[in-house]
Amino acid sequence: MSNQFIALDFETANSSPASICSVGMVKVIDKHMTETFYTLVDPEARFSEGNIRVHGITPEDVKDAPTFEDVFPYMMNFIGDLPVVAHNANFDMKVLYASLERYEKEIPPIQYFCSVQMGRRTVQNHSYSLKNMMQYYNIDFKGHHHALNDAKAAAMITYRLLEHYPSLEDYLKSHKKYLRTMKNNKSKSAAMSQYNDALLQIKPTEDVTDDTHPFFDKKIAISGTLFLKRKELVQYIVNNGGTYTINDDMDILIHGKNRGNTPSKKEQIVRNKLAMGKDIVLINNEKLKRLIEFYDSL
């Protein structure tokens, strides 16, 4: 049986695992790297100086990059049903899991394994870091902390380690894990808090606001997935004189699709307030589209 797998590496903008700023992947089929995947990613979060020093990616580099929400479907097309390896997989899988939770995506049935753990089980070396394992196999390694270079390095290390086993399938019988079994609630909470902090800091990019716009001088909350990205919608709100809020004290709730097609907690709270006579406007995805189209046409 041929050994087929995906080697994966992420870089993050800050200490939050849900702050992907680049992703690199390599597809390996029976000793050959057949395809590569690399993109910068807009983390929709702040960059820390420490992380910039590590990977060299800056906010300016990702200003026109897709978000993880945009990139993820392409990642899944690339991965398919192949197992995924990462060097220190606990980090990369935590990043993936936290990012999926942040964007309210279903956790896919990805099986993965760790080339660090594989190395420790298989060969004797003074260190099992990416750099030292490349030195162990006498393979030239340049561009550390570039996601695609690191994914290539993990692929080469894994390929060499697999020479000690009948096949990858044989190794995975005892050493595979599944992404769905990870738990990351603490990371999700921290990531969402950081994400909302960034949204709350968004300032108007236009000098003039129309005081007849329904968002003018209103406190507006957002729930669920809408046709606009959250950051773009908040920018639209503040450009039209509104204030984005994450509190329950609001004048308008813009609500979209939620996991399982059930109302979000925020929407449930608002509907309870409406039943008690509170004056809150509900705007769904279609109404939002029509509202924006109408005011853009003026």
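In strand β8, Thr243 is the bridge partner of Lys219. The model is a predicted one, in which local features need pLDDT of at least 70, side-chain atom pairs count only at pLDDT 80 or more, and totals for chains, interfaces and linings use all residues. Residues are numbered from 1 along each chain as its sequence is written, and side-chain values use heavy atoms, with hydrogens and water left out.

Helices (H or I, at least four residues) and strands (E, at least two) are DSSP runs, numbered from the N terminus. Two strands are taken to pair if DSSP finds at least two bridges between them. Strand β7 covers residues 219-223 and pairs with β8 in the parallel sense over 2 bridges. Within this pairing, Ile220 stands opposite Tyr244 of β8. Both strands belong to an open sheet of 4 strands with parallel pairing, in the order β8-β7-β9-β10. Strands β8 (243-244) and β10 (281-283) are at the edges and have a single partner strand each, so one side of each is left without a neighbour in the sheet.

Burial is expressed as relative accessible area: buried means under 20%, exposed over 50%, and partly exposed in between (1.4 Å probe, protein chains only). Of the 5 residues of β7, 4 are buried, and the strand is mostly covered. Axes are lines fitted to C-alpha atoms, for helices over the stretch in contact, and angles run from 0 to 180 degrees between N-to-C directions. Helix α9 (residues 230-239) lies across β7, β8 and β9 (252-255), at about 165 degrees to β7. Helix α10 (residues 265-275) lies across β7, β9 and β10, at about 140 degrees to β9.

A further open sheet has 6 strands in the order β3-β2-β1-β4-β5-β6, and its pairing is mixed. Its edge strands, β3 (32-40) and β6, each pair on one side only. Strands β5 and β6 run antiparallel and are joined by 2 bridges, with Gln111 having Tyr178 in β6 as its bridge partner. Helix α7 packs on the sheet and touches β1, β5 and β6, its direction making about 90 degrees with that of β5. Helix α3 lies across β1 (4-12), β2 (20-29), β4 and β5, and runs at about 75 degrees to β1.

UniProt lists residues 4-167 as "domain: Exonuclease" in an unreviewed entry; UniProt positions are given in the numbering used here, feature names are shortened, and annotations may be inferred rather than shown by experiment. This span is 38% helix and 21% strand, and the C-alpha atoms at its ends lie 10 Å apart.

In helix α4 (residues 115-122), the buried residues are Ser115, Val116, Met118, Gly119 and Thr122. These residues cover an arc of only 160 degrees around the axis, which puts them on the same side of α4; the arc is that of the directions from the helix axis to the C-beta atoms. The elements covering them include β4 (84-86), β5, α5 (130-136), α6 and α7 (168-175). Asn149 is placed in helix α6 (residues 147-161) and is partly exposed, at 25% relative accessible area. Leaving aside residues up to four places away in sequence, Asn149 touches Phe141, Lys142 and Gly143. Its C-alpha atom is separated by 9.7 Å from that of Tyr38, 111 residues apart along the chain.

The whole structure contains 8 salt bridges, a salt bridge being a side-chain nitrogen of Lys or Arg within 4 Å of a carboxyl oxygen of Asp or Glu. One of them joins the side chains of Glu106 and Arg180 (3.6 Å, N to O). Glu106 is in the loop between α3 (89-102) and β5 (111-114), and Arg180 in the loop between β6 (177-178) and α8 (185-200), so the pair ties together parts that are 74 residues apart in sequence. Glu106 is exposed, at 62%, whereas Arg180 is partly exposed, at 45%.

Another salt bridge connects Lys219 and Asp249, with the closest N and O atoms 2.7 Å apart. This pair links distant parts of the chain, as Lys219 is in strand β7 and Asp249 in the loop between β8 and β9, 30 residues apart. Lys219 is partly exposed, at 31%, and Asp249 is partly exposed, at 48%. In the salt bridge of Lys289 with Glu286, the closest N and O atoms are 3.8 Å apart. Both residues are in helix α11 (residues 285-297), 3 residues apart, and are separated by about one helical turn.

Definitions and conventions: Contact = heavy atoms within 4.5 Å.
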